[in-house]
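My notes follow in the order I looked things up.

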Amino acid sequence: KALPGPRPKWMEFLNLQATLYSDSAKEPPVIEPIQLHLRNTDTGESIGHATCIYTRMRQKDNLGHWQPYHLAPQWIKVRGGPHGNSHVGDVLICFEILLHKYQHEAKLLPQIMMPQPRGIYDPKIHFCELRKATLHFSLLGLRDLLPINRFETSSVGGKVDVVMPIVEVEVAWGDTIRDPNRKRDRLEFHYKEVVDGGDKRIKADCLKNWKSKVGAYGEVSATNFEFLQVKTLEVEIPDQRILQPCVIIRVYEAPTRLSNWVKSSMESIGMDYKPFLIGESRRTLGASLPVCWLQGVDLRKTLADQKDKVESEFAAWTKEARLHENFNQDVEDTSREQRRRQEESSGPAVSGGLAAALRDLDAAPEEYVSSTALPMPLRNTTKKRKLNLRKVEGMNVQVEGCHSPRQGEKAQVVGQHQVKTIQGKLEDDKDKSFVSDFWYRATPLLLNHDLVDGMNSAQRDWYFMPNVFGFVKCAFKLVDGWESDLRKEEEVEAAGGKDAQASVARTASGRDQISSALRASCDHRLLQSYYITDELDSFAFNEKKFQERFKNPERMPSRVRVRLYLVKAVCIFGKGANDFPDPYVMFQLGHNISVSFKSQVRIGTNEPSLYMLEERDVVLPDDGKLEVRLMDKVGAVAGDALIGSTILDLEDRWFSTNWRKCNDHQEVPRENRPLSTLEVPGKNRGSIEMWVEMIESQRAADLRASPLVKPAELEVELRLVIWDTIKVKLVKEDYVNVKIISTLDCNQYCGNKPTQETDVHYTSKDGSAIFNWRLVYSRIKMPVKTCSLKMDLMHYELLGDTYIGSLNLDLKKYVERVATTLDAVEVPADFLKFSNADSEDPDNPEEIGSVRVQLYVMTQGEAGSKAAGLGREDPNEHPPLIQPAEGRDWGTYLAAYSFSLPDFSMWKKFLPIFIAMVVFLVAIVGMKNLGLV
């Protein structure tokens, strides 16, 4: 049957008859995949589908006993969308396959899936128990409520701001009223201008409402309200987390107040005066179930003594309720084993009807020899000798040093103010660099949309998602039992004069029922939600303390100084195919404070360096919303484009104890916050490194701002050593004169020699050439957009060189690594192949040569202490290069011009002396003719 809402609840079985085929009557049949489809009955369109593989059929063992079966549902993904691969929803489902002729046997009757209340619940036939709990709900307020249509609020057309909001809270599975004609139990919060019993003339007693700006460019005016109210609701909730009980928060706008004659005339034309639904939010209660509902929790011990066990049980709950891509039969086995252990620990059960029939069947005398071929005495020997294991404090190994200390990290630390850097938003930190205590984080108000675990702001920034109609700030907890029942029990004990001793009474279902005496003496944290801290519990669920925390002038000063530190940004944005953006920053504080730094635009870069500090005085919570936008300067006519934005809730930070401690010591972690936009929801547009500090305005002059100094520009030096070449293509018939020309393509290279070339290796007969030549590119300023080196392989001739081939080296990653770590990088020598795209046949590539190159990258400061000259010039170090003799003598040089010197045999050793004597005689004759001698 069709059910409304984004989270329908069927809790019933479908009896599907199918014909399956098997090779033999004694073998189970081949079971085909099961197709699951979700369909919208209003439109007839398919929402999505899922394919489930389930191949287990219930059969009898060798002794004729049916195999046991327990409900083990799983959450699986439903895929849909235009291509059928988008995640459109989740479904909780389980399967049981049996032969049609056995379906009416008592052992094979369908199990009851609906949770049952205490007294009816029997673990042998029911899936889970419906247990009593009290919901304590603390409502801080509403934020960024969008304007609504006047017509839908029984007024004239157009848009109108929300002025009389109503917040309604109820719990799915929490209906304690059995009569379907009555309304469900729920809480209602109405906005008031003054707290109960307060005075309008006292500022701390007034509840604020104010305006804020929303939208991609802040073009929409939204409304905000303070509630500061606490209420409780008695509910019944299933104790199985996999059912995902949830609290539903709905926000309405009250009907317009008109006089009676106007109201009657409006009703006569069919206009209704019901509250208008603005939006709703569903918060899963799986992680909020009381600690005492976990298996094995002892109320006689404190929570600290059982912390490891509690966390392991919560981890098991989370694992059981996790979302699967497809139905997993192995998970089903684990769930069934947990259910079996749970039943064994539940004790005897008393119930009638089907439970009695099944219990009578189970009460049959046990066979002496079971299907495992073991007699009863051997089957019951489950106890094993306990091993006395000693805790290992350390490994029996000797650890030797293998790496020298990283000098770059030490150099980077010196003189810097050490703060933590969080990759992402502070409130979503997963590395626990900052323990978040933002208890009243904003939860989005949606319509016909669900919000479940895993779909939080860490994956989706709801400030930049469509169809969000506002936000609610609240906190809640669940406490075991009903307060009304506890009061009655105390009255009965007082009237009967019972001895109030700490005891645990076991009910018919085998569950632990906590007596009032034990409840009073045990650790109160065991009776409520696990994640509720002592600090939150001390004020959040007591209305007077709640109002005092957020309205006390000592905690909430009249004005707060906000210091905004902007370091740098990364833009995933472009104007065209090759153009970089021209980014600048602007920010919005609340409704009235808007600051633009268009005059400080960074031209043509996608990694702008900002290093800006701005201070503004604000009033909280009115100006508690800070939006930082990164804009692209386009022009006066077209208007500037929005690259991306990020939103910070300053109110959460101000009332966070952990954040305030970091703020007082000026150790607030830096955040690399992602940039998003409503124009392209769900897409990352870059990031901005920043952080925020806040202080009372009166103390701002006494506490100086944290230092934000732009670091000195880092320069990097590139060194390449060209050792030799092999297999160079012979340009002439039988030789080649090898030379290499290198050109650096880097926009931040500040040297004067972007093109450098080696000397010539003459008359190489086999394409081998030796160079031992150093290329040096100094003063490369970081950061760089591109850094690549082109090496051209040439054949040298006196009248002009001949191009043979080339290769390109992308060196950007190496210089960026050095700039980040400040540690030198050395790439060992290796051969790189040249290529020629013009003459090369793709099907049969021709080998035109390879060069052996070694790369050194270091900071300019380190390069100064390890100086090295170009080529083989002094200082010829790091590494020292030897002048090669091969290919450099006169014989090889003249051989290039088909001329060779005669063979002087042993006399060639005296050839330099003869040449010197001839030059000396010629010089004497010349000077004599000039009259100089």
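**Strand 34 and its neighbours**

I started with strand 34 and strand 35, which pair in the antiparallel sense over 8 bridges. This is a predicted model, so I'm reading a prediction throughout.

What joins strand 34 to strand 30 (residues 736-746)? I found 9 bridges, with the two strands running antiparallel. Leucine 789 in strand 34 stands opposite leucine 744 here. I also looked at burial: strand 34 is mostly covered, with 7 of its 9 residues buried.

Next I traced an open sheet of 4 strands, in the order 33-29-37-36, with antiparallel pairing. Strand 33 (769-781) and strand 36 (825-833) are the edges, each pairing on one side only. I noted an average twist of 15 degrees from one strand to the next.

Inside that sheet I looked at strand 29 (residues 715-726) and strand 37 (residues 850-859), which are joined by 10 bridges and run antiparallel. One of the contacts I wrote down is isoleucine 726, whose bridge partner in strand 37 is serine 850.

**Strand 13**

I moved on to strand 13 (residues 246-253). All 8 of its 8 residues are buried, so the strand is largely enclosed by the rest of the structure. In a regular strand, side chains alternate between the two faces of the sheet. I checked which way each one points here: Cys246, Ile248, Arg250 and Tyr252 go one way, Val247, Ile249, Val251 and Glu253 the other. Arg250 and Glu253 are on the buried list as well.

For partners, I found 7 bridges to strand 9 (residues 165-171), antiparallel, and 8 bridges to strand 14 (residues 276-284), also antiparallel. Proline 165 stands opposite glutamate 253 in strand 13. Valine 251 stands opposite glycine 279 in strand 14.

**The mixed sheet**

Another open sheet has 5 strands in the order 16-27-28-21-24, and its pairing is mixed. I put its edges at strand 16 (421-422) and strand 24 (609-618), each pairing on one side only. Strand 27 (residues 670-674) and strand 28 (residues 686-696) pair in the antiparallel sense over 4 bridges. I looked up arginine 673 and found isoleucine 688 in strand 28 as its bridge partner.

**Cores**

Which residues touch the most other members of the largest nonpolar core? Phe137 and Tyr440 do, out of 101 residues. Strand 21 (residues 560-571) gives the largest share of this core, 8 residues. I also noted a second, separate core of 37 residues that includes Leu718, Val728, Leu793 and Val851.

I then listed what phenylalanine 137 touches beyond four places in sequence: among them are Val169, Leu187, Phe189, Val247, Ile249 and Phe476. Is phenylalanine 137 buried or exposed? I have it as buried, because its relative accessibility is 0%.

**Rings**

I searched the whole structure for aromatic pairs and got 22. One is phenylalanine 137 with phenylalanine 189, a tilted pair at 5.7 Å centre to centre and 40 degrees between the planes. It links distant parts of the chain: phenylalanine 137 is in strand 6 (residues 129-145) and phenylalanine 189 in strand 10 (residues 187-190), 52 residues apart. Phenylalanine 189 also counts as buried, at 0% relative accessibility.

Why is the pair of tyrosine 762 and tyrosine 796 edge-to-face? I read the planes at 80 degrees, with the centres 6.0 Å apart, and planes over 60 degrees apart count as edge-to-face. Tyrosine 762 sits in strand 32 (residues 761-764), while tyrosine 796 is in the loop between strand 34 and strand 35, 34 residues apart. I have tyrosine 762 as buried, with a relative accessible area of 14%.

I also picked out one aromatic cluster formed by Trp439, Tyr440, Phe539, Phe546, Phe550 and Phe655. Arginine 549 lies over the face of phenylalanine 539, at 4.1 Å from the ring centre. Last, I looked at lysine 132, which lies over the face of tryptophan 482 at 4.4 Å from the ring centre.

Terms used: Residues are numbered from 1 along each chain as its sequence is written. This is a predicted model: local features need pLDDT of at least 70, side-chain atom pairs count only at pLDDT 80 or more; totals for chains, interfaces and linings use all residues. Side-chain values use heavy atoms; hydrogens and water are left out. Two strands pair if DSSP finds at least two bridges between them. Axes are lines fitted to C-alpha atoms, for helices over the stretch in contact, and angles run from 0 to 180 degrees between N-to-C directions. A nonpolar core is a set of buried Ala, Val, Leu, Ile, Met, Phe, Trp, Tyr and Cys residues joined through side-chain atoms within 4.5 Å. Buried means under 20% relative accessible area, exposed over 50%, partly exposed in between (1.4 Å probe, protein chains only). Contact means heavy atoms within 4.5 Å. Rings of Phe, Tyr and Trp (its six-membered ring) pair if their centres lie within 6.5 Å; planes under 30 degrees apart count as stacked, over 60 as edge-to-face and the rest as tilted. A charge sits over a ring if NZ of Lys or CZ of Arg is within 6 Å of the ring centre and within 35 degrees of the ring normal.
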